[in-house]
Amino acid sequence: MSETPLDGLVAVVKRDCPTCELTAPVLGDLARRARLQVYTQDDPSFPETVSARIDDTALDISHRLKIEVVPTLIRLDHGREIDRTYGWDRKEWERVAGIAGLGPNLPDARPGCGAKNIEPGVIERLRIRFNETGLKSRRIEIGADEDDQEAMHERGWSDGLPLVPPTEERVLRMLDGTLRDPQEVIGLVPPILAPATVEKIAINAVMAGCKPEYLPTVLAAVEAVLDEKFAMHGVLATTMFVGPVVIVNGAVRRRIGMNAKGNALGQGNRANGAIGRALQLVIRNIGGGRPQEVDRATLGNPGKWTYCFAEDEEGSCWEPLSVEKGLQPGQSAVTVFAGFGLQGVVDQKSREPESLCRSFAESLKVLFNVKSAPSADALIVMSPEHERTFRNAGWSKARVYEELYKLCKIPGEDLVMGAKGIAEGTASPRAGTMVDKFRPGGLMIVRAGGGAGMFSGIIGGWSSSGPRGSTPVTKEVRN
Amino acid sequence: MTVLLDPTSEHAPTIRPRLPRPDKLDGLTIGILDIAKARGDVFLKRLGERLGERGIAYRHYAKPTNTRPAPLPLQQQIATEVNLVIEGLSD
């Protein structure tokens, strides 16, 4: 490692910079007339005009001098920087050097180039080498002969699929995706109620395959499930099917390229897939919530790998889900819902909203069991072709809700044990009453999906929906 | 060599051994905890009656909801008032 200079002038340059090439004669001139040390970032033979060049291809000196642009000219006095300029600007160079008449044949000024030590990938390595990362997590060394995937699986970090190894470089880049302090605690993750710091969440986001720009959405999703109202401990521990379903609204959807259209609930979009997976890895790794341990799910559901999608706000005639939940239009937000697999609603004949509502209602009424009422909450993912029917008829979302609550009532006598030849049911006599399938506020509608197909989806909720158990939670996505 | 950052909480939860089972129930007070699962109260009420018939002291407790861990004050109350606990886990 090179010694940091103490006195005189210091120049930092690289050959791959036309402005540095331009200033090479000036540097030669300065080397003759003053005490000058030239550090070269890429090619130790550059500049040929100076004989006493110093190789800084390791970029240590550049990093310690916090060089951002080359060429940079610095004046030091007893090791202390007293002046600096960058790029080529004759007056500036003459001022810093204290020497007049520099580069008479050169143009007056030229902008410099980006320094090598701040290139992505390089800056992280330098911060690690100089122990400047501030990362608090334990370092785990994987031997050269070990397979890092196997090492991660053996430690129990994986949901069963390969992981992106969370190296310090990757975690640092991930943390660039947020302005939050890496040590800020977002909440306590059940079951062990361990603090979820931004850093720990970033590590899991790396493993899940997130890009840094996804991190604010992951943080908002974690914040949402850790809200007391969501009851994450119970959602994890229940024998039922549920896991967190993440719905993303607002500007962030398009900024990070989420899919709200064809196959919105399926595979193929990195942001949809990685954000939902990161949330599950946070529960697993920070909270210690693992299947067949505190996660007592009988079957679970495939969405417990990842279950995240965006609402198609632009195509919808209705207010987005986040606006229903009190946020401003366009404001980035996530809503989490304790839900399970998808039940399709196929209706290719209804052209009137009344008929389509009845279709939805009959499909909704069988959730869990045709004899279960009041039942769990439900999230309706309305396809564009179904939404069009309501749009053409001028129905607001509020009117659709109103109609569905009205239609989702079941005669009490159909719900008692033994009715319809089914032992399942309620013990209490309910003859003559109509029982609501859903609690007030228990239905949610979002629009998503491809342009073709009169197929919508119902995502059923947890049997413990509502204040006694889990209610959907919406949080703003903050940078 | 690759250096990875630990994605876990780095906490090692304390594993405490269960108390030994008592040889007999005479002289002990039993807590009966209803975790608020359907019909758990019916089963546990009957259990209390049977314990009473055998002259065994018992106290009933109830969680407000089965969806969340028992509130800490309830856990502490049970720990100070009884010698062992029976709880109905599911419906």
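Modeller: Start with two strands of chain A that run antiparallel: β15 (residues 333-346) and β20 are joined by six bridges. This is a predicted model, in which local features need pLDDT of at least 70 and side-chain atom pairs count only at pLDDT 80 or more, while totals for chains, interfaces and linings use all residues. Residues are numbered from 1 along each chain as its sequence is written, with chains lettered from A and ligands numbered from 1 in the order in which they are written.

Strands are DSSP runs of E, at least two residues long, and helices are runs of H or I of at least four, both numbered from the N terminus. Two strands pair if DSSP finds at least two bridges between them. Strands of a sheet pair through backbone hydrogen bonds, either parallel or antiparallel.

Now look along β20(A). How many of the residues in β20(A) are buried? Six of the seven in this strand (residues 455-461) are, which leaves β20(A) mostly covered. Buried means that 20 or more other C-beta atoms, placed from the backbone, lie within 10 Å of the residue's own; 12 or fewer is exposed, and in between is partly exposed.

Chain A also has an open sheet of five strands, in the order β3-β2-β1-β5-β6, with mixed pairing. Its edges are β3 (53-55) and β6 (80-86), each pairing on one side only. Neighbouring strands are turned by 25° on average, direction ignored. Inside this sheet, β1 (residues 8-13) and β2 (residues 36-40) of chain A run parallel, joined by five bridges. A:Val13 has A:Thr40 as its partner in β2(A). Helix α3 (residues 90-97) of chain A lies across β1, β5 (72-77) and β6, at about 165° to β6(A). Such angles run from 0 to 180 degrees between N-to-C directions, with axes as lines fitted to C-alpha atoms, for helices over the stretch in contact.

Next, cross to chain B. Strand β10 (residues 139-142) of chain A runs antiparallel to β1 (residues 2-5) of chain B, with four bridges between them. One of the partner pairs is A:Ile142 with B:Thr2. The contact as a whole takes 31 residues from chain A and 16 from chain B. In contact means that C-beta atoms, placed from the backbone, lie within 7 Å. Chain B's side has seven nonpolar, six polar and three charged residues. Nonpolar covers Ala, Val, Leu, Ile, Met, Phe, Trp, Tyr, Cys and Pro; charged covers Asp, Glu, Lys and Arg; the others, Gly among them, are polar.

Finally, chain B itself. It has two helices and four strands, in the order β-β-α-β-α-β from the N terminus. Its radius of gyration is 18 Å, well over the 12 Å that the globule rule gives for 91 residues, so chain B is more spread out than a compact globule. That radius is taken over C-alpha atoms, and the rule is 2.2 Å times the number of residues to the power 0.38. The C-alpha trace of chain B spans about 70 × 30 × 20 Å along its principal axes. Buried residues make up 14% of the chain.

How values were computed
Contact = placed C-beta atoms within 7 Å.
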